[in-house]
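I opened the model to look up a few local features. The entries below follow the order in which I checked them.

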Amino acid sequence: ANAVLAAAQGVKDYVVNLRRQLHRRPELMWREHGTRDVITRELTALGISYEYVSATGVVGTIGTGAKAVGLRADMDALPLTEATASSYKSEIEGVMHACGHDGHVSMLLGAAKILKAKYDADPETFPGVVRLIFQPAEEGGAGAKEMLAPSDGSTGLLMMKPELESVFGLHNWPYPEMPSGTMGTRGGTIMAGSGCFDVNITGRGGHAAVPHNNVDVVVAGSAVVTALQTLVSRLTDPLDSVVISVTVFNAGSASNVMADSANLQGTLRALNPKTFIKFQDKIIEMVQAVAAAHGCTASTSFEPEWNGVKRIPYPPTVNDAKASALAMRVASDMFGEESIKTVVPVMPAEDFSFFGEVFPSVMMWLGAYNATAGATHPLHSTEYVLDENVLTTGVALHALYALEYLRVGI
């Protein structure tokens, strides 16, 4: 553990410089071509073989043998205009690394650097195969699912040999309960499932002076909004957690004309995988029933296409209990028992969940709240700042999880 930590601290400048380079040139989901070029440039320089998986994803490979573990970093940025005063702020108008994925990529490349050095020093004793998973399109594009089994039929992670046995992922967590220097996870559900729904209600438009001759989609839509809230209050176990939020309601364009149709959009969140699936069906049923009661028809999709990208539901992120215990032991060995936290589940979602459905996996949060570094703004904020002091911590956690999993398993 001490040797890995020392090696991680030794690549600090490398990781920070890479992170700043990526931060200046952020790219949206499925457009991460420049980011991929940086990754493959670095893998080539390190002598690490790699292959393209999905449109913009990359998987590097270190080691040989019958046992394989995966380390995952997401790559994409968000459609936000950066509002920080950073000297290396985004140079792309309207695009920003506001979720720290630039840091995630640089941490994984740092881990790749020290793992490859360890392999080169003594290939015979390197304990197995490490897959370096650089994943696109976490921010709504389900890139993890695509990397498991690409839709074009090309080779994905599920087809690689030796088969992956576990996947480890890190996410920076810039919140007061997770100050820099801490890290944490939990067995079981750590993040909610999330699904975007798109509802189209059709009635009969006409002059607003004669509503009795029309079928009012605004009244129907308003009833749908309020009825959906009863799914949470009346059909949810009080010990379960469900969120249904309608966030968009569009209908009509003139004050004296009743519209023919209305569009509602929103999000469903749930911690329990069975509840998450159940409530997708309940929303569809409720929308249809309420619309029909108002003389309208309605359709609901949980795979809407927004900005050219199909948004599919992300299941809850469920950590394997044994993988989580290994991650906590690795963290404790390097940083001390006082640095690790057993966290509570949260309602944001992560497509790392798709890895967790297939492999015994663990998502760990890397504490990154640091007022001194200006890192006090939440993820997805235009003022978000990543505390670069935590980058080498992430490098060490990636590297030691891989080595310990290959050495002793879970």
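**Salt bridges**

I started with Glu350 and Arg72, and both are buried, where buried means under 20% relative accessible area, exposed over 50%, and partly exposed in between (1.4 Å probe, protein chains only). I was working on a predicted model, in which local features need pLDDT of at least 70, side-chain atom pairs count only at pLDDT 80 or more, and totals for chains, interfaces and linings use all residues. Residues are numbered from 1 along each chain as its sequence is written, and side-chain values use heavy atoms, with hydrogens and water left out.

I then looked up how the two side chains meet: Glu350 and Arg72 form a salt bridge at 2.9 Å, N to O. Glu350 lies in the loop between strand S17 (340-342) and helix H9 (353-358) and Arg72 in strand S3 (residues 68-74), so the pair ties together parts that are 278 residues apart in sequence. For the record, a salt bridge is a side-chain nitrogen of Lys or Arg within 4 Å of a carboxyl oxygen of Asp or Glu. Helices (H or I, at least four residues) and strands (E, at least two) are DSSP runs, numbered from the N terminus.

How many salt bridges does the structure hold? I noted 15.

Next I took Glu388. Its salt bridge with Arg19 has the closest N and O atoms 3.1 Å apart. Glu388 lies in the loop between strand S18 (362-367) and H10, and Arg19 in helix H2, so this pair ties together parts that are 369 residues apart in sequence. I found both Glu388 and Arg19 buried.

Glu388 also meets the side chain of Arg20 in a salt bridge, at 2.8 Å from N to O. Arg20 lies in helix H2 and Glu388 in the loop between S18 and H10, so the pair ties together parts that are 368 residues apart in sequence.

Is Arg20 buried or partly exposed? Arg20 counts as partly exposed because its relative accessibility is 29%. Glu388 counts as buried because its value is 13%. I also noted that Arg19, Arg20, Asp102 and Glu388 are linked in a network of salt bridges.

**Helix packing**

I looked at two helix pairs. Helix H1 (residues 2-10) and helix H10 (residues 391-408) pack at an angle of about 140°, with their axes 8 Å apart. That makes H1 oblique to H10. The crossing of these two, H1 and H10, is right-handed.

For the other pair, the axes of helix H2 (residues 12-24) and helix H3 (residues 33-45) come within 11 Å and cross at roughly 155°. H2 and H3 are therefore roughly antiparallel to each other. H2 passes H3 in a right-handed crossing.

My terms here were as follows. Axes are lines fitted to C-alpha atoms, for helices over the stretch in contact, and angles run from 0 to 180 degrees between N-to-C directions. Angles under 35 degrees count as roughly parallel, over 145 as roughly antiparallel, 65 to 115 as roughly perpendicular and the rest as oblique. A crossing is right-handed if the near helix is turned clockwise from the far one by less than a right angle, and left-handed if anticlockwise.

**Backbone in the loops**

Which residues does the cis peptide bond join? I found it between Lys161 and Pro162, with omega about -5°. Pro162 lies in the loop between H5 and S5.

I then checked phi. Ser54 has a positive phi, near 70°, and is a residue other than glycine. Ser54 sits in the loop between strand S1 (49-53) and strand S2 (57-62), and it counts as buried at 13% relative accessibility. Ala137, also not a glycine, has a positive phi of about 55°. Ala137 lies in the loop between S4 and H5 and counts as buried at 0% relative accessibility.

I looked up Pro123 in the loop between helix H4 (101-121) and strand S4 (129-135). Pro123 counts as partly exposed, at 36%.

**Surface patch**

Last, I noted that Leu158, Met159 and Val358 form a nonpolar patch on the surface, with about 270 Å² of accessible area together. Patches are made of residues with over 30% relative accessible area and no salt bridge, like charges being joined within 9 Å and nonpolar side chains (Val, Leu, Ile, Met, Phe, Trp, Tyr) within 5 Å. Accessible areas come from the Shrake-Rupley method with a 1.4 Å probe, and for residues only the protein chains shown count as cover. Leu158 is found in the loop between helix H5 (143-148) and strand S5 (164-173), and is partly exposed at a relative accessible area of 40%.
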